Amino acid sequence: MENTPKREPLRGPVYWWLAALLLAFWPVLLLLPEPGTAADTLDPERTSGALPMRGAGELVAREEALLASRSTLRVASIVVDVGDPVVRGQVLLELDAAELEANLAAARAGWDNAREAEVVARLALQRATVLHQQTRLDGERAEQLSRLSPGALAVSELDARQTAARTAALDAKAGESQWRAAEAAHAQAQANWLAASARLEDATLRAPFDGVVIARHCSVGDVVAPGQPGLTLVDPDSLRVQARFDESLLSRIRPGDKAQVWLKSQPLTPIAAQVVRLNRMVDTDTREFSVDLQLMSLPPNWALGERAMVEVQPVLAGSPEGCSGPSCAGIPALAAEVTP
């Protein structure tokens, strides 16, 4: 039997095709994560929550007072200037009170006159009351006598006594009305004196609390209108940074979160801060909400309304109390797992 020669397979072209496919898909294979690495175990919510949240804000004060007069007066003297610290009750600005002093003197005289008129009216009422009682008794006795002894008194005399009793009753009622009117006038005069005293007291502007003068709105010799501010005072302990964040971060920021603040005047010096309040209103135009942060310290120079940058690091669930940095969120551990 004749042996037929074996045909060898065409290995050359197949190898070339396999090599070409391997080279084409090699970058894709490199991007695929290996089983059991950190890419399979990372929690998106955990890693996103560990990232700090940044927002812009400004320096505001919760305790701010605009000192103004309730009368149109001329500024007589200004004791303090912008930047001066003041204490509660300290005199800051004085207005020319000559007109108010004259009004107070007139109100005092009116009060005295009204008090004397009330005394006179009360005495007149007492006199009319006594006469009314006396004439009423006389009329009752005359009426009883005429019943017991007819003809003992003339009819005209009995009518005169009865008329005198009715007249005395009317005089007593009129005296009571006059006394009540005098009493009301006395109360009104006293109220006018108290109002004049309050206006005179307002001519001297005093500090309502311990603070710092941040603005001066008038000069000596100016005539200020009622309600026009003369000085602006703030309490440094009430200073806050009010920062704005996108509404998507509303559920990730909580009171107590630690933060860092960079004031515009000191961009290289971070200031430790803490979230104290979330304002429950979203701006309809910018879709942002505001957060109040308390500064742990204040720089020597600051200004109300100064802009600031804020970075908030929230406290994540499962982290130790009071720990809010990246190390507490597990960032180094995750990095160690990803590192080959």
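Trainee: Which residue is the bridge partner of Ala56 in β10?

Mentor: Arg244 is the bridge partner of Ala56. Strands here are DSSP runs (E, at least two residues), helices are runs of H or I (at least four), and both are numbered from the N terminus. This is a predicted model: local features need pLDDT of at least 70, side-chain atom pairs count only at pLDDT 80 or more, and totals for chains, interfaces and linings use all residues. Residues are numbered from 1 along each chain as its sequence is written, and side-chain values use heavy atoms, with hydrogens and water left out.

Trainee: How many bridges do β1 and β10 have?

Mentor: They pair antiparallel over 6 bridges; two strands pair if DSSP finds at least two bridges between them.

Trainee: And what order do the barrel strands take?

Mentor: The 6 strands close in the order β1-β10-β13-β12-β11-β14, with antiparallel pairing.

Trainee: Switching topic: how many aromatic pairs are there?

Mentor: The search of the whole structure finds 2. Rings of Phe, Tyr and Trp (its six-membered ring) pair if their centres lie within 6.5 Å; planes under 30 degrees apart are stacked, over 60 edge-to-face, the rest tilted. Trp111 and Trp193 are tilted, 5.2 Å centre to centre with 35° between the planes. Trp111 is in helix α3 and Trp193 in helix α4, 82 residues apart.

Trainee: Is Trp111 buried or exposed?

Mentor: Trp111 counts as buried because its relative accessibility is 13%. Trp193, at 23%, is partly exposed. Buried means under 20% relative accessible area, exposed over 50%, partly exposed in between (1.4 Å probe, protein chains only).
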